[in-house]
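Me: Please go through the helix packing, the chain contact and the backbone geometry of the structure below.

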Amino acid sequence: MLHRGGAWYSICCMAVALLIGPPESGWSEELATVRIAYLSQVVELPPKLSNLELPPEDEGLQGGRLAIKDNNTTGSFMKQSFELHHVSVPAKGDVVAAFRGLLAEGFRFVILNVPASRLVELADLPESDGVLLFNAGAPDDSLRNEDCRANLLHVRPSRAMLADALAQYLMTKKWDEWFLVIGPRERDRLYGEAVRRAATRFGAKIVAEKTWDFGPDARRTAQSEVPVFTQGIDYDVLVVADEIGEFGEYLAYRTWEPRPVVGTQGLTPTSWHRTHERWGAAQLQSRFFKATGRRMTPLDYGVWAPIRSIGEAATRTRSTDFATMLAYIKGPEFELAGFKGQKLTFRAWNGQLRQPVLLVSPTALVSVSPQQGYLHQRSHLDTLGYDEPESKCRLN
Amino acid sequence: MRAWFAWTIAIALVVASASPVAALTVYVSNEKDNSISVIDADKMEVTATIPVGQRPRGIILSKDETKLFICTSDDDHIEVLDLASLQTIGTLPSGPDPELFILHPSGNPLYVANEDDNLITVVDVEQGSVIAEIPVGVEPEGMGLSPDGKVLVNTSETTNMAHFIDTESYEITANVLVDSRPRFAVFTSDGKQVWVTSEIGGTVSVIDAASREIVQKIAFEIPGVRAEAIQPVGAQVTKDGKLAFVALGPANRVAVVDAQSFEVKKYLLVGQRVWQLAFSPDEKLLFSTNGVSNDISVIDVEKLKVIKSIAVGRFPWGIVTKD
């Protein structure tokens with residue numbers, strides 16, 4: 001049975017672990033353990049154009065493993081240890097049941113990479129009272145506004161933060177006339193909405209807006225379709241909203257006018273990128289590459305950051321007590337050194353991690369927002385995304 | 001009698017010109033240019049640029065000041081530069097990714113922070129061999145050594161601790177938690193305090209070397225500069241223990257701190273992203289490497305004024321001076 005697959009093996013080991021028993025026995029008396037769960041759901045992607053770079057199967061998990069390793073090195077000086085337990089639910093699997101299982105096992109820190117609607121459902125379960133959830137993957141602004149929850153923190157920048165970061169850069173370039181092209185999916189519509197909001201906020205003008213509805217895989221037809229699609233419009237940049245990469249890659253170099261492509265393709269705002277090496281990031285990138293043989297992705301960073309936050313809480317409070325750590329993470333003293341040139345903190349009103357946003361092309365870091373000159377009375381990072389007065393969330 | 005006097009003067013002049021007047025020389029590592037800039041500090045100009053290995057960061061003089069040890073981080077070893085010929089004459093093992101190091105007051109061994117491997121490597125500079133490896137926190141960088149060479153203090157950037165290490169047993173004797181991303185550690189010359197800078201935390205922790213307690217935390221506030229941009233990295237304290245200088249990174253300033261009262265006296269505007277600091281041996285001048293503006297600033301320590309900036313290579317990082 002053991003040879004058949006990983007599932008039996010892990011159940012087996014879990015049983016052994018349970019038999020060895022609670023932390024009061026033996027050596028573990030001195031070592032206090034923090035157990036963290038990572039729950040992800042496999043997303044079935046439709047056939048898309050850019051099937052050249054498929055996301056790694058262990059995306060997210062490896063970021064978590066590196067953070068656990070870092071936490072444990074620090075923990076060795078604090079008599080603290082950290083464990084990560086990963087559960088992956090199939091695309092059509094029961095996320096709620098898997099989540100309930102984790103809570104029943106006693107996990108109180110759970111990092112989630114599941115769709116936005118599921119996040120709210122999980123956070124609202126009665127047993128989710130007294131746990132802390134981290135959203136590692138969903139960029140939805142609704143989660144930072146009307147659907148915010150006190151037990152849910154957001155590590156990934158929201159769409160509004162990404163669009164604002166891009167808008168600030170375009171405005172510093174004085175590229176303020178945008179042609180917005182939106183893909184056919186709901187998430188593309190939401191990205192487009194964030195772009196429109198950013199244009200209003202920073203004074204750009206959307207001179208044209210079109211929906212891409214040529215269907216999937218235009219690889220061999222794009223050359224004839226895109227020029228016509230973009231003809232007769234006077235604009236500075238083409239802003240594309242195509243989150244899963246169905247057509248966006250095929251707009252550049254084919255537009256009627258010679259114009260740059262920005263947004264979900266071309267010049268892209270993101271929380272993390274393989275070309276980022278400033279502020280010590282080179283070290284994190286190199287540790288990650290040595291451990292995994294691949295580059296760190298935004299989702300890896302999205303799982304790394306909450307586990308490091310939990311580690312920071314345990315170190316700073318010298319405690320592994322959940323309530324103590326929770327109070328620290330949500331308190332004013334919290335700061336995370338996240339390799340982005342300044343400390344990262346959580347917004348008190350909606351639980352969003354404040355962070356600089358990278359603007360990248362596939363093989364180069366172009367800029368980092370906030371751009372110089374965008375000021376804010378609290379933190380210049382609050383020029384990105386929904387600021388306190390405009391947020392529909394009031395957790396503070 | 002008169003002739004004898006004239007002869008004496010003549011001989012004295014000859015002797016003086018034969019042994020060159022001590023000229024102050026500054027060496028700077030250029031991280032992204034893979035080179036060392038040699039600066040004549042009397043003329044305030046670069047006199048030579050020497051190609052070295054990949055990503056040179058920390059640099060330090062040998063005890064006899066005839067050699068310069070260079071952490072060539074991406075080559076995973078230390079290069080040895082002969083200062084008379086300005087030629088690389090060999091390498092020393094360092095463990096992977098050496099970033100910053102410090103030399104025992106006796107001239108041997110060298111304690112190297114291996115940023116990628118959470119290690120301190122102890123290197124015998126005479127034998128060219130590794131004596132010991134000491135596991136420390138994540139991303140070790142800052143290295144301070146007590147004046148008697150008995151206590152090594154290493155800071156780990158991601159673990160956020162200053163590790164006190166016994167240099168005889170190589171055991172960690174204390175871990176002092178400081179603010180985020182500690183970059184640099186330096187002992188006061190009386191050995192009583194260790195000053196540790198925290199880049200992301202924005203503070204300097206002054207640690208009592210005997211009790212290993214933080215006795216003072218120094219914060220900085222500069223009108224018109226965002227708090228997040230104040231990122232302390234390099235620090236130096238004068239030998240008389242009266243003044244401390246702290247490089248504040250992207251705040252583009254060096255803070256002058258009264259090292260007795262811990263009050264910040266002044267902020268000196270230098271180049272962009274100021275990084276590491278070094279005094280001239282007589283402590284009359286202080287030099288700063290400015291990572292983004294690719295220059296060094298020269299500070300008059302008595303007047304507390306920036307008197308000159310000198311262009312060097314790209315991303316100047318480490319800096320040492322010699323008479």
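Residues are numbered from 1 along each chain as its sequence is written, with chains lettered from A and ligands numbered from 1 in the order in which they are written. This is a predicted model, in which local features need pLDDT of at least 70 and side-chain atom pairs count only at pLDDT 80 or more, while totals for chains, interfaces and linings use all residues.

Me: How are α2(A) and α9(A) oriented to each other?
Reply: Axes are lines fitted to C-alpha atoms, for helices over the stretch in contact, and angles run from 0 to 180 degrees between N-to-C directions. Helices (H or I, at least four residues) and strands (E, at least two) are DSSP runs, numbered from the N terminus. The axes of α2 (residues 61-78) of chain A and α9(A) cross at roughly 20° and come within 7 Å. Angles under 35 degrees count as roughly parallel, over 145 as roughly antiparallel, 65 to 115 as roughly perpendicular and the rest as oblique, and the two helices are therefore roughly parallel.

Me: What is the handedness of the crossing of α2(A) and α9(A)?
Reply: A crossing is left-handed if the near helix is turned anticlockwise from the far one by less than a right angle, and right-handed if clockwise. By this rule the crossing of α2(A) and α9(A) is right-handed.

Me: How is α9(A) oriented to α10(A)?
Reply: Helix α9 (residues 298-317) and helix α10 (residues 322-330), both of chain A, have axes 9 Å apart. The packing angle is about 110°, so α9(A) is roughly perpendicular to α10(A).

Me: Which residues of α10(A) meet α9(A)?
Reply: Two residues are in contact if their C-beta atoms, placed from the backbone, lie within 7 Å. From α9(A) come Ser309(A), Ile310(A), Ala313(A), Ala314(A), Arg316(A) and Thr317(A). The residues they meet in α10(A) are Thr324(A), Met325(A), Tyr328(A) and Ile329(A).

Me: How are α5(A) and α6(A) oriented to each other?
Reply: Helix α5 (residues 159-172) and helix α6 (residues 186-202) of chain A pack with their axes 8 Å apart. Their angle is about 45°, which makes α5(A) oblique to α6(A).

Me: How many nonpolar residues does the contact of α5(A) with α6(A) have?
Reply: Among the residues of α5(A) that meet α6(A) are Leu162(A), Leu166(A) and Met171(A), and those on the α6(A) side include Leu190(A), Val195(A) and Phe202(A). Ala, Val, Leu, Ile, Met, Phe, Trp, Tyr, Cys and Pro count as nonpolar, Asp, Glu, Lys and Arg as charged, and the others, Gly among them, as polar. By class, the contact has one polar and four charged residues, and the nonpolar ones number 13.

Me: How many residues of chain A are in contact with chain B?
Reply: The side of chain B that touches chain A divides into four nonpolar, seven polar and seven charged residues. Chain B contributes 18 residues to the contact, and the number from chain A is 14.

Me: Which residue does a cis peptide bond join to Asn108(B)?
Reply: Omega of this bond is about 0°. The residue sits in the loop between β8 (98-103) and β9 (110-114) of chain B. It is Pro109(B).

Me: What is omega for the cis peptide bond of Ser369(A) and Pro370(A)?
Reply: Pro370(A) is placed in the segment after β14 (364-369) of chain A. Omega for the bond is about 5°.

Me: Is Phe339(A), which is not a glycine but has a positive phi, buried or exposed?
Reply: Phe339(A) has a phi of about 60° and is in the loop between β11 (336-337) and β12 (343-344) of chain A. Because it has 25 C-beta neighbours inside 10 Å, Phe339(A) counts as buried.

How values were computed. Buried ≥ 20, exposed ≤ 12 C-beta atoms within 10 Å, placed from the backbone.
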